[in-house]
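Dear colleague,

I am handing over the structure below, followed by some notes on what turned up in it. Please read the notes with the coordinates open beside them.

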Amino acid sequence: MSVSPAVVGAYEPVATPNSASDRAPHSTPNPAPHSSPTQAELLDFVRRTAADAELIASLPLDPEGRTWVRLEGPGGSEAWLIGWPPGTGTGWHDHADSVGAFVTAAGELREHSLAVRLPADGWKTLELADDVDRSRRLPAGKGRSFGRHHVHEVLNESTDLHAISVHAYYPPLPQMRRFSRSGPILRLEQVERPEDWQ
């Protein structure tokens, strides 16, 4: 397997979806000389990477904030190894036109997602239907792939254990939309682009 840590960083736990501490780590897109990886290929990559015990153990963990290492993903994809202290999460967000996959490598994560495709542009507030909420418990070895404009939040609900996960996106993230949620109301709070993560 060709995974090589390229960048190491850390950021603070998320307080609100639009806090500076919730920004994604900086990424430098790799050229894509091969055909675009599919969701299934991304899922296979993150599963194989999550099974690499030596790589997982090499991630520096911080009790105060998430830590991350950039990995070389398949076919020019953007990939990350991420450490989650107890009680941390991402806030509601999407990955724009990128497809992706992630797998829990250690500990347990929970994903809350919306089973609805949101409009790409032209809105600030939406009222969600009653039946769009989904929740998945993702213990070590479990994960999922997802399509474009997938809206979710990922959390480590443990009060005392770190979680570690592997993520991959293709194309490399062109932007992320951040949302706040109050009951059925979803509000677009911020659009981030790679230059915002530098």
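**Salt bridges and cores**

Aspartate 44 counts as partly exposed, because its relative accessibility is 38% (buried means under 20% relative accessible area, exposed over 50%, and partly exposed in between, with a 1.4 Å probe and protein chains only). Please bear in mind that this is a predicted model, in which local features need pLDDT of at least 70 and side-chain atom pairs count only at pLDDT 80 or more, while totals for chains, interfaces and linings use all residues. Residues are numbered from 1 along each chain as its sequence is written, and side-chain values use heavy atoms, with hydrogens and water left out.

The side chain of aspartate 44 forms a salt bridge with that of arginine 48, at 2.9 Å from N to O (a salt bridge being a side-chain nitrogen of Lys or Arg within 4 Å of a carboxyl oxygen of Asp or Glu). Both residues belong to helix α1, four residues apart, or about one turn of the helix (helices, H or I with at least four residues, and strands, E with at least two, are DSSP runs numbered from the N terminus). Arginine 48 is likewise partly exposed, at 38% relative accessibility.

By this rule there are eight salt bridges. Another of them joins arginine 136 to glutamate 111, at 3.5 Å from N to O. Arginine 136 lies in strand β8 (residues 133-139) and glutamate 111 in strand β6 (residues 108-114), so this pair ties together parts that are 25 residues apart in sequence. Glutamate 111 is buried, at 0% relative accessibility, whereas arginine 136 is partly exposed at 34%.

Strand β8 also holds aspartate 133, whose partner, arginine 181, lies in strand β12 (residues 176-182), 48 residues apart. Arginine 181 is partly exposed at 26% relative accessibility, as is aspartate 133 at 38%. Salt bridges with shared partners also join Glu111, Arg136 and Arg144 into one network.

As for the nonpolar residues, the largest core has 20 members, of which Val46, Leu71, Leu81 and Val166 touch the most others (a nonpolar core is a set of buried Ala, Val, Leu, Ile, Met, Phe, Trp, Tyr and Cys residues joined through side-chain atoms within 4.5 Å). Helix α1 gives the most to this core, with five residues. A second, separate core has 13 residues, including Trp68, Leu109, Val154 and Tyr169.

With best regards
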